[in-house]
Amino acid sequence: MTWPPEAYLWFKTLHIVGVVVWFAGLFYLVRLFIYHREAEVLEPPLQQAFHQQYSLMERRLANIITTPGMVVAVVCAVGLLLVNPAWLQQGWMHAKLGFVVALLAYHAFCYRLMGQLQRQDCQWSGRQLRALNELPTLLLVVVVMLVVFKNQFPTGAATWFLVALVVAMAASIQFYARWRRLRAEQLAGGA
């Protein structure tokens, strides 16, 4: 099949938009899970109100933003591969597709967690959810690097610096959350 010249550009444009929407949803969805889980320590009337509100927000975010973004990203990626089937012969594309499968599994796992939170039987702590929230960042960095560098994927100092930077960002988020929790405990104990 012969594709019109602008097909590649349309698929690429919509693929990028879909990826941006998908990741925005993934980043915020797990953040809502954290807030949802942490609201379980509130007094029962507040706890129930927050549970209902977070459940609604999570469902809407997942079903109206995150999943449609994923669908657009995947459908347009298939379009890009149809326009450029030679990419399927390249190692960087195999690696990228492997990471995309991991992202799809992460997306499905988020739906599982959302169901557990809504049934109020989630065993994940706020701290564990914070750590989970960093996974799509790492996957995003690797996928973007694969797309940009293709078969010349860098393995030098700059790459390791970037990995260290992402890990440092994740650690700083964890440390800030712990500091905030300890400070709140100190303030509550001093009152």
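The legends below describe an overall view and several close-up views of a predicted model.

Local features in these legends require pLDDT of at least 70 and side-chain atom pairs pLDDT 80 or more, while totals for chains, interfaces and linings use all residues. Residues are numbered from 1 along each chain as its sequence is written, and side-chain values use heavy atoms, with hydrogens and water left out.

**View 1. Overall fold of the protein.**
The protein contains six helices and zero strands, where helices (H or I, at least four residues) and strands (E, at least two) are DSSP runs numbered from the N terminus, and the order along the sequence is α-α-α-α-α-α. Its C-alpha trace spans about 70 × 40 × 25 Å along the principal axes. Of the 191 residues, 32% count as buried, a class defined by under 20% relative accessible area, with exposed meaning over 50% and partly exposed in between (1.4 Å probe, protein chains only). Among contacts (heavy atoms within 4.5 Å) with a separation of 6 or more, 80% are between residues 24 or more positions apart.

**View 2. The largest nonpolar core, around F33 and C110.**
A nonpolar core is a set of buried Ala, Val, Leu, Ile, Met, Phe, Trp, Tyr and Cys residues joined through side-chain atoms within 4.5 Å. The largest such core has 24 residues, and F33 and C110 are those with the most contacts inside it. Helices α1, α2, α3 and α4 each give two or more residues to this core, and α1 gives the most, with eight residues. When its neighbours within four places in sequence are left aside, F33 is in contact with E58, C110, L113, M114, L117 and L129.

A separate core of nine residues includes A7, F11, C76 and L80. L80 is found in helix α2 and is buried, its relative accessible area being 7%. Leaving aside neighbours within four places in sequence, the contacts of L80 are Y8, F11, K12, H15 and W87. L80 and K12 are 68 residues apart along the chain, yet their C-alpha atoms are separated by 6.8 Å.

Rolling a probe the size of a water molecule over the atoms shows where empty space is left. On a 1 Å grid over the protein atoms alone, a pocket is an open set of points where a 1.4 Å probe fits, with protein on both sides within 12 Å along at least five of seven lines, and lining residues have an atom within 4 Å of a point. Grid points are joined across faces, edges and corners, and a volume is the space filled by probe spheres set on the points. The largest pocket has a volume of about 710 Å³, and of the 30 residues that line it, H15, V19, K96, V143 and V147 are the closest to its centre. Helices α1 (6–38), α2 (44–83), α3 and α5 (135–149) each supply at least two lining residues. By class, this lining has 26 nonpolar, one polar and three charged residues, with Ala, Val, Leu, Ile, Met, Phe, Trp, Tyr, Cys and Pro counted as nonpolar, Asp, Glu, Lys and Arg as charged, and the others, Gly among them, as polar.

**View 3. The second largest pocket and its lining.**
The second largest pocket has a volume of about 300 Å³, and its lining includes E38, R127, R130, F175 and R181. The elements that give two or more residues to this lining are α4 (126–132) and α6 (157–190), and α6 gives the most, with nine residues. The lining has four nonpolar, one polar and seven charged residues.

**View 4. Helix α3 and Q120.**
Just after α3 comes Q120, in the loop between α3 and α4. Q120 has a positive phi of about 60° although it is not a glycine, and at a relative accessible area of 42% it is partly exposed.

**View 5. Helix α5 and K150.**
With 15 residues, α5 reaches 21 Å from its first C-alpha to its last, close to the 21 Å expected. Its buried residues are P136, T137, L139, V143, M145 and L146. K150 follows α5 and is found in the loop between α5 and α6. Most residues other than glycine have a negative phi, whereas phi of K150 is positive, near 50°. K150 counts as partly exposed, at 31% relative accessibility.

Notes:
The expected span of a helix is 1.5 Å times one less than its number of residues.
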